[in-house]
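Welcome! Please take a moment with the sequence and the model shown below, and then we can walk through them together.

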Amino acid sequence: MDGGIFFVINTLQAGGAERVISTLAAKFYERKYPVTLVCLNYAEAVFKIPDDLKIVYLVRRKADNIYFRIYYAASIFFKLGYLLYRIKPRCVVSFMTTANLWTGLTCLITNTNFIVSERTTPDHTIKRQRGFLKWLSTFIYAKADSIVLPVKGIENCLREIKGFKELTNYRIINNPVSHFDSLTGLKVNNRKFILGVGRLSYEKGFDQLIAAYAISKNKETDLLIAGEGKEYEALNQQIQSLKLSDNVKLLGLKQNLQDYYSQAEMFVLPSRNEGSPNALIEAMSMGCTCIAMDCEFGPSEIIQDQSNGLLVEDGNIVKLSQAINSVLENPQLRDKLAANAKLINRTNSLDEISSQWEKLILSPKA
């Protein structure tokens, strides 16, 4: 298959886009495709990568002043361009705006087929661009073989941008269900618990979840939040000020999330914005009852309210608390939602999603 497939992203640190691109690369490698993972910047890979799968790091950042930024930008441009010229991949797939721009620019110069993928709300990425950068994004995305998005909502948001409205190369491919190791059988908490999973950042809304838990009725059920991030101290202060230290625990990163999903009374996604929430898909695949804020984007395309989960008005702390109470107080509702949630293992299976990517990558280009 010529030079194979390149997957390009900024780093392989913890994150939804990083998880998906790592999973896809490993799946294509398993299918005997020549695969190269290209990271614009060096960082320790969080997700499992086959030992023989080639990873190329273009730069290792050591400083962040203007001179080093120029140096790193030039290094990325020339190193990526040289890789494409030397190896001549069949197709390059990039995730996230920065990687998309570098990929598109070098692929156009080297006459290489490329696919770009946005994984989060354009409100925080392309919509914030100005001037030349905005023009460059419009030009590159228009030239891409496809713009792959995990949910329709992101396409609708992109179409609000001048130059993106009339594009015809959008493709929707949902995020795949993550593969977990077998359950360890170890009890992860001494009491029943509600689970939150994700990066501890403002957009993930864990302050909203803690506030909703604080006004919920049942304090015999703990709240556990797995993840790391810059909001750790603020969340910890919130927990202490609400006198919830005995009930609410910030766990940090956990390698055995499957045990937490399988033992939780419910999973709650309190995000202010999303692209397509991997943690929600993971929880549903494990048969965990799920509640999600109806934020942009993803939850409303994954959850059918009252059928396979509960959707709560975006930002409404009181309604989130009421939804938590309803699940805790109604075992029949919880069991119904959990059973229907597991159907996502069919629609979002890795085999199904990777086959959609395979068809797109191998399709004849005009």
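How many bridges join β4 to β5? There are 4 of them, and the two strands run parallel. Strands here, like helices, are DSSP runs numbered from the N terminus, with at least two residues (E) for a strand and at least four (H or I) for a helix. Two strands pair if DSSP finds at least two bridges between them.

## Before we go on

This is a predicted model, in which local features need pLDDT of at least 70 and side-chain atom pairs count only at pLDDT 80 or more, while totals for chains, interfaces and linings use all residues. Residues are numbered from 1 along each chain as its sequence is written, and side-chain values use heavy atoms, with hydrogens and water left out.

## The protein as a whole

Along the principal axes, the C-alpha trace spans about 60 × 45 × 40 Å.

Of the 366 residues, 54% count as buried. Buried means under 20% relative accessible area, exposed means over 50%, and partly exposed lies in between (1.4 Å probe, protein chains only). Among contacts (heavy atoms within 4.5 Å) between residues at least 6 apart in sequence, 68% join residues at least 24 apart.

Let us return to β4, residues 91-95.

Together β4, α3 and β5 make a right-handed β-α-β unit: with the strands pointing away from the viewer, the path from the first strand over the helix to the second runs clockwise.

## An open sheet of six strands

Another group to look for is an open sheet of 6 strands, paired in parallel in the order β10-β9-β8-β11-β12-β13. β10 (248-252) and β13 stand at the edges with a single partner strand each, so one side of each is left without a neighbour in the sheet. From one strand to the next, the twist averages 20 degrees. Axes are lines fitted to C-alpha atoms, for helices over the stretch in contact, and angles run from 0 to 180 degrees between N-to-C directions.

Within this sheet, β8 (residues 193-197) and β11 (residues 266-269) run parallel and are joined by 2 bridges; L195 stands opposite F267 in β11. Helix α9 (residues 278-285) packs on the sheet, where it touches β8, β11 and β12, and its direction makes about 160 degrees with that of β12.

## Backbone details in the loops

In the loop between α3 (97-110) and β5 (114-117) you will find N111, which has a positive phi of about 55 degrees although it is not a glycine. N111 is exposed, with a relative accessible area of 74%.

Q306 is found in the loop between α10 and β13 (310-312). Its phi is near 75 degrees, a positive value in a residue other than glycine, and Q306 is partly exposed at 43% relative accessible area. Finally, a cis peptide bond, with omega about 0 degrees, joins E296 and F297; F297 is found in the loop between β12 (290-293) and α10 (299-302).
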